[in-house]
Amino acid sequence: MADLKVYNTLSRQKETFTSLIPGRVGMYVCGPTVSGESHLGHARPFITFDVIYRYLTHLGYAVRYVRNITDAGHFEEEGREAEDKISEKAVLEKLEPMELVQKYTNLYHWAMRRFGNLDPSIEPTATGHIVEQIGMIQQIIKEGFAYEANGSVYFDVDKYNTHYKKLGQPYGILSGRILEDLKESQRELDNQEEKRNKADFALWKSAPPEHIMRWASPWGEGFPGWHIECSAMSTKYLGPRFDIHGGGMDLEFPHHECEIAQSTVCNHEMPARYWLHNNMITINGRKMGKSYNNTIKLTELFSGSHHLLDQPYSPMTIRFFILQTHYRSTLDFSNDALRAAEKGLRRLWESYEALKKLPGSLAVANAGAATNAAAAGAQPAAAPTDPELDVKVNRLLDEMDESMNDDFNTAKVLANLFELAPVVNGIKDGHVKTNALSAQTYSRLNSYYKAYLEDVLGLQDEKGGDDQLLQNVLQLLIDLRKEARTKKDYATSDKIRLQLLDMGVMLKDEKDGNVSFTIN
RNA sequence: GGUCCUGUGGCCGAGUGGCUAGGCAGAGGUCUGCAAAACCUUUUACAGCGGUUCGAAUCCGCUCGGGACCUCCA
């Protein structure tokens, strides 16, 4: 199998992935700030890195996947109103800060489940690691790269840059920025007088009296700066140097840049080896984000209750929609695109259902042939009667591995599955002969379908047919309709079908006389 | 202003030098009591101009358009 190649933002090129410890991978992904409801834009990194997590696992790595929850609240550290967002909103909503945080954390977890995202190995919270953050800040001060001013502590970017430039790691190494340029281009902001330089960033902020979230520290009561939590938690759970750090492209600067600076000062090495960044979801060509006031919340997406939505879209539709684009490309939202994804997913999933229903027949039939052939001293595997198709199927399967190994090209994997779907459907319809493929190829087809669709891409069945009572009732209706059709009583049979359709149950008469149904 | 990314057919979107991407939509057909699905066939591409090359959507230059970061941000 070809090597796994990943695009490393640090080097701006694809690199062959190797883990620090053979067989093990440490991965840190920046999680959500739970000061509000997640929107479609937030879904992208969590689905992207869920697939990366799944794929690394699929390759046999034991992965420790750490994804934090930022519940201490960011603040506009260089901002106009240096105020904790969470505490501000808490006042508005008349809730305890932690009550608010709990509410949005629960909502976020609910959304992650619905998307079929696996739980990370560790999901540390910022508020749960104040001690570690303070310890790290003390260490940075001790190393001489931070200074205190009026109960706040700032990172000395200038000094860091001067010192680490010599070691080949200037400030801006990740985002390609030059500190001197930054100084010129930075905006004039208020409340900067405590900083020695504009590029400096807060490690600890002194809390004004109205600030609700506050902790005691060596510098007085306050709260941690935005960037320090990720440095503290990644170091604690993955060590000073780990394999993968992920997040959205908009975090590249300044967040990840600052993380690198902090961790490097404390641990004397670049924290992560591979920095992976997903691109943004756009809407009408513009990034979906708070600042643009163009977000669609996940609850709105699932229910269809947003003026830009023509209909509700299920979590799996959104997952599929996201995976149909490479993670480093922008992905433009539109109803047409979502609808296309919904239909495409249904088509693909139905071919998978069809495949699952014909398991043994083909394999057994061909395996039987193989056994006989082997007994006769011939080739151990049954030869395909359609070698051309057999080769094509194998090529499509091989390409799926190659595509994932090429920086997680899920779009290409899905395209190949779409090319395999007619083969599967053809076997089901009987129009592709059962022995067209060799037993071995057929078995590969089966295992790849499952491995990719379910295990790697994390897609799952959404039809709500789990209820046994509902299944039984539907079966009764199907039987009644079948009887009516036998008697050519089409008025009755159509009534059953059409009324069920109104209720969201679609019946389909299969070629073999069976009736299948899908529930919306 | 600085740094960087990007422009593919009606829509969405792979693809980095020669090989039909794929999905959705559209058209025709097969099947079917009808419907849906499925299957087969099929129309519409690579922003513009110039260059490199035997050959470019793919490399280079210019022009035009779109976007991201530089401020909280996935």
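A pocket, as the word is used here, is an open set of grid points with protein on both sides within 12 Å along at least five of seven lines. The structure shown above is a predicted model, and its second largest pocket has a volume of about 1,200 Å³.

The largest share comes from α11, which gives ten residues. Sorted by class, the lining of this pocket holds 16 charged residues, 13 polar residues and 13 nonpolar residues.

The sheets come next. Strands of a sheet pair through backbone hydrogen bonds, either parallel or antiparallel. Both kinds of pairing can be followed in this model, beginning with the parallel one. Four strands, in the order β4-β3-β9-β10, form an open sheet with parallel pairing. Its edge strands are β4 (62–67) and β10 (272–278), each of which pairs on one side only. On average, neighbouring strands of this sheet are turned by 20° against each other, direction ignored. Within the sheet, strand β3 (residues 24–29) runs parallel to β4 and is joined to it by six bridges. Y28 stands opposite V66 in β4. A helix also belongs to this part of the picture: α8 (residues 252–267) lies across β9 (242–248) and β10, and runs at about 155° to β9.

Most residues other than glycine have a negative phi, and most peptide bonds are trans. The peptide bond from F253 to P254, however, is cis, with omega near 0°. P254 lies in helix α8, the helix that lies across β9 and β10.

A second open sheet of four strands has the order β5-β6-β7-β8, and here the pairing is antiparallel. The edge strands are β5 and β8 (222–224), each pairing on one side only. Neighbouring strands of this sheet are turned by 20° against each other on average, direction ignored. Four bridges link β5 and β6 in the antiparallel sense, and E148 stands opposite V153 in β6. The loop between β5 (146–149) and β6 (152–155) contains N150. This residue has a positive phi of about 50° although it is not a glycine.

One pair of bridge partners is N8 and Q13, the latter in β2. The two strands form a hairpin with four residues between them. In its turn, R12 has a positive phi of about 60°.

Rolling a probe the size of a water molecule over the atoms shows where empty space is left. How many cavities of 30 Å³ or more does the structure hold? There are three cavities of this kind. The largest cavity contains about 70 Å³ of space. Its lining consists of R44, T48, V51, I52, I322, L323, T325, H326, Y327, F408 and T410. Both α1 (40–58) and α10 supply at least two residues of this lining, and α1 gives the most, with four residues. By class, six residues of the lining are nonpolar, four are polar and one is charged.

The largest share, four residues, comes from α3. By class, the lining of the second largest cavity has five nonpolar residues, two polar residues and one charged residue.

Definitions and conventions. Residues are numbered from 1 along each chain as its sequence is written. Chains are lettered from A and ligands numbered from 1 in the order in which they are written. This is a predicted model: local features need pLDDT of at least 70, side-chain atom pairs count only at pLDDT 80 or more; totals for chains, interfaces and linings use all residues. Side-chain values use heavy atoms; hydrogens and water are left out. On a 1 Å grid over the protein atoms alone, a cavity is a set of points where a 1.4 Å probe fits but cannot get out, and a pocket is an open set with protein on both sides within 12 Å along at least five of seven lines; lining residues have an atom within 4 Å of a point. Grid points are joined across faces, edges and corners, and a volume is the space filled by probe spheres set on the points. Ala, Val, Leu, Ile, Met, Phe, Trp, Tyr, Cys and Pro count as nonpolar, Asp, Glu, Lys and Arg as charged, and the others, Gly among them, as polar. Two strands pair if DSSP finds at least two bridges between them. Axes are lines fitted to C-alpha atoms, for helices over the stretch in contact, and angles run from 0 to 180 degrees between N-to-C directions. Contact means heavy atoms within 4.5 Å.
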